[in-house]
Amino acid sequence: MSDLSPVRFTRTHEWVRPEGAGEAVIGISDHAQAQLGDVIFLELPAAGAHLAAGQRFGAVESVKAASDLYSPVSGEVVEVNQAAVSAPEVVNQDPEGAGWLLRVRLEGEIPADLLDPQAYDAFAESDSH
Amino acid sequence: MVPFAGYQMPLQYSSIRAEHQAVRERAGLFDVSHMGEVRVAGPGALAYLQRLVTNDVGKLEVGQALYTVMCRDDGGIVDDLLVYRDPDGYMCVVNAARHDDDLAWMRRQLPPSGVELEDQSDQTCLLALQGPLSLQILGPLADGAELGAIPYYHHQPGRVLGVPVRISRTGYTGEDGFELYCDRHAAEGLFQGILDHGRSHGLLPAGLGARDTLRLEAGFRLYGQDITLERDPISAGLGWVVKLDKGDFMGREALARAKAQPQLSFIGLRLLGRGIPRPHQAILADGEPIGEITSGSYGFSVGAGIAMGYVRPGSAPKGSEVEVPLRADPAEVGAAQVVSLPFYRRPT
C-alpha cells in the first residue's frame, strides 16, 4: 500500500505541501511542536524573500528552547501566516493545518529525498528515543 | 513527564500557556508532593530553629507560617523553606532537591538533647490549589472550616473531602490559593476529587512548566538557580528574611558584613523586544558583562520575556537598559529594561 498524501517532511521536522499552480505551503510537524512545547515567537522571512532547500530560513522559540527552521524546498515567499505570527499557539494547536508558516512559489521540484508521512513518522519515532 | 529531584513529574498536562492562564484567571491544581517535610519538636525547638534560620521564628504564632532561608557560617544559602508553627512544635518544608543535604545539615546543628527531628517527607503529599477561584472551589469541599477566614501565610488543620489535611494559605504563583498537606495514601483521591469538583470552574491540573513561569512572574527565587550555596540572601534580595537583631544564628556575622557591603545585586529584567532570556546567559551593559541570568522565561501575563539574575552592585540601576544574548550567535542581543520585582502583581 502506498501513501497517497502529497505532504513531505524534512529530517529537521518541517513539512511542505504542494498547493497547485507551482505553489507550496511550509510548516513544522506535529512531532516538532510537541517536542518544543508552547511556541512563543516565530521569526520568519518577509514576502519576497528567497528560500533555498536545506537552508535556515527562520526560527521558532518556545518556553523550552529556540530552534532553527530549515526550508524543505527552494522558492520565493509569497505569503507569511500573520495569524500564526501574532498568535503562535496555533502552531501547537494545528501545526499541519491552520498553523502553517509560509506559502512559497516553488523553484524546481520538491526534492525527492524528503520523507512521506509514513517514513517521517518512523523517523520521528526513532528520533525521539 | 520529566525527572525532577529524583521524582517523575509532569512538565505539563495540557500546555504551559493554558495552565499558566488558568492559574491567573481561574485556578490550577499542582501536585508538589516532592517537597520535603521535617517536623521539629521538643522543649528546645524554638531556640534550635532561631539558630538554624535567618528569619525570626520567635515572632511566629501558632497557626502562622514563615518564609526564611538557612545559611552556612559564610552566609551561603543551604535552602529556602517555610516554617509552620503548630501547637506542639514546628514543621519545616524544604526543597526536594535539597532534602538529603538539608536533613544532614539540620541533624548536625542539633543540640545534645531537647530537640527531635522527624522526617515526614515520604508519608506526606502536598497539593497546591492556586488562582483567584481557589476559595470558591475549595470552600464547599472543606468540612466545617471557614477557609476565607484563614489569612495569607496562616494555616489550620481541617478536612477536605473527608481527608485530614493541613490547610495553608500559601503558594508559589503570586495568586491567592491553598496548599494542602495530607497522608500519601489519600493524595490521589484528594487530587482527583478537587479536580472533578473544580472542572466546572475552569480548574486545570498544572505542571512544572507553568509553576516555573508563574513563580518567575511573581519574583519567587528558585533554589538551585537563583539561590545556591555560593550566594547569600542579602545579595539575592532576600534581606527581608534576615533578622540580624534577633540574636545569634548561623551565618549572622557574614550576613551583617554582606548587608554593609553587598557582593551582588539581584535584579529583574524585562525584554523590550521579542525573545526569551535563558539561565546562564550574560547580562551586558555597553557590550561588557556585568552579571548573569539565573532564571529566564516568557511571562505569559507580562507579555514579554523576563529574567532575574545577579549583577555587580550599582551596575544596573532600575529603569536602565542592558542587553542579553538571545541566540548562540553572540552578536544577537536583545535590549532589556531593569525593573522592580515582582513582574506581576495580582489585581487587588
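Tutor: Below we go through the helices, sheets, core and contacts of this structure. It is a predicted model, where local features need pLDDT of at least 70, side-chain atom pairs count only at pLDDT 80 or more, and totals for chains, interfaces and linings use all residues. Residues are numbered from 1 along each chain as its sequence is written, with chains lettered from A and ligands numbered from 1 in the order in which they are written.

Student: OK, how is chain B divided?
Tutor: Chain B has domain 1 (2-215) and domain 2 (264-348); such bounds come from an automatic or database domain assignment.

Student: And how far apart are the C-alpha centres of the two domains of chain B?
Tutor: The C-alpha centres of domain 1 and domain 2 of chain B are 29 Å apart.

Student: How many residues of domain 1 of chain B are in contact with domain 2 of chain B?
Tutor: Eight residues of domain 1 of chain B are in contact with eight residues of domain 2 of chain B. Contact means that the C-beta atoms of two residues, placed from the backbone, lie within 7 Å.

Student: Which element gives the most to the domain 1 side?
Tutor: On the side of domain 1 of chain B that touches domain 2 of chain B, H1(B) gives the most, with four residues. That side has no nonpolar, four polar and four charged residues. In this count Ala, Val, Leu, Ile, Met, Phe, Trp, Tyr, Cys and Pro are nonpolar, Asp, Glu, Lys and Arg are charged, and the others, Gly among them, are polar.

Student: Is H1(B) mostly covered or uncovered?
Tutor: Helix H1 (residues 16-25) of chain B is mostly covered, with seven of its 10 residues buried. Among them are B:Ile16, B:Arg17 and B:His20. Buried means 20 or more other C-beta atoms within 10 Å of the residue's own, exposed means 12 or fewer, and partly exposed is in between, with C-beta atoms placed from the backbone. Helices (H or I, at least four residues) and strands (E, at least two) are DSSP runs, numbered from the N terminus.

Student: What covers the buried residues of H1(B)?
Tutor: The cover includes helix H3 (89-93) of chain A, and from chain B strands S3 (28-31), S9 (124-130) and S13 (204-205) plus helix H6 (208-217).

Student: So what about the contacts between the chains?
Tutor: There, 12 residues of chain B are in contact with nine residues of chain A. H1, H6 and strand S16 (288-299) of chain B each give two or more residues to the side that touches chain A. By class, that side of chain B divides into three nonpolar, six polar and three charged residues.

Student: Switching to sheets. In what order do the six strands of the chain B sheet come?
Tutor: They form an open sheet in the order S10-S11-S12-S9-S3-S13 (chain B), with mixed pairing. Strand S10 (155-160) and S13 of chain B are the edge strands, each pairing on one side only. Two strands pair if DSSP finds at least two bridges between them.

Student: How many bridges join S9(B) and S12(B)?
Tutor: S9(B) and strand S12 (residues 177-183) of chain B pair over seven bridges, in the antiparallel sense. B:Leu127 stands opposite B:Leu180 in S12(B).

Student: What else does B:Leu127 touch?
Tutor: Not counting residues up to four places away in sequence, B:Leu127 touches several residues, including B:Leu29, B:Phe30, B:Ala187 and B:Phe191.

Student: Which residues have the most contacts inside the largest nonpolar core?
Tutor: Those are B:Val83, B:Leu127, B:Leu129 and B:Leu180, in a core of 118 residues. A nonpolar core is a set of buried Ala, Val, Leu, Ile, Met, Phe, Trp, Tyr and Cys residues joined through C-beta atoms within 7 Å. Strand S17 (residues 304-311) of chain B gives the most to this core, with six residues. Domain 1 (2-215) and domain 2 (264-348) of chain B both contribute residues, so the core lies between them.

Student: Which residues are buried in H3(B)?
Tutor: In helix H3 (residues 99-108) of chain B, B:His99, B:Asp102 and B:Met106 are buried. They cover an arc of only 60° around the axis, which puts them on the same side of H3(B); the arc is that of the directions from the helix axis to the C-beta atoms. The face turned away from the buried side of H3(B) carries exposed B:Asp100, B:Ala104, B:Arg107 and B:Arg108.

Student: Last one: where does B:Pro262 lie?
Tutor: B:Pro262 is in the loop between helix H7 (252-260) and strand S14 (265-271) of chain B. B:Pro262 is partly exposed, with 18 other C-beta atoms within 10 Å.
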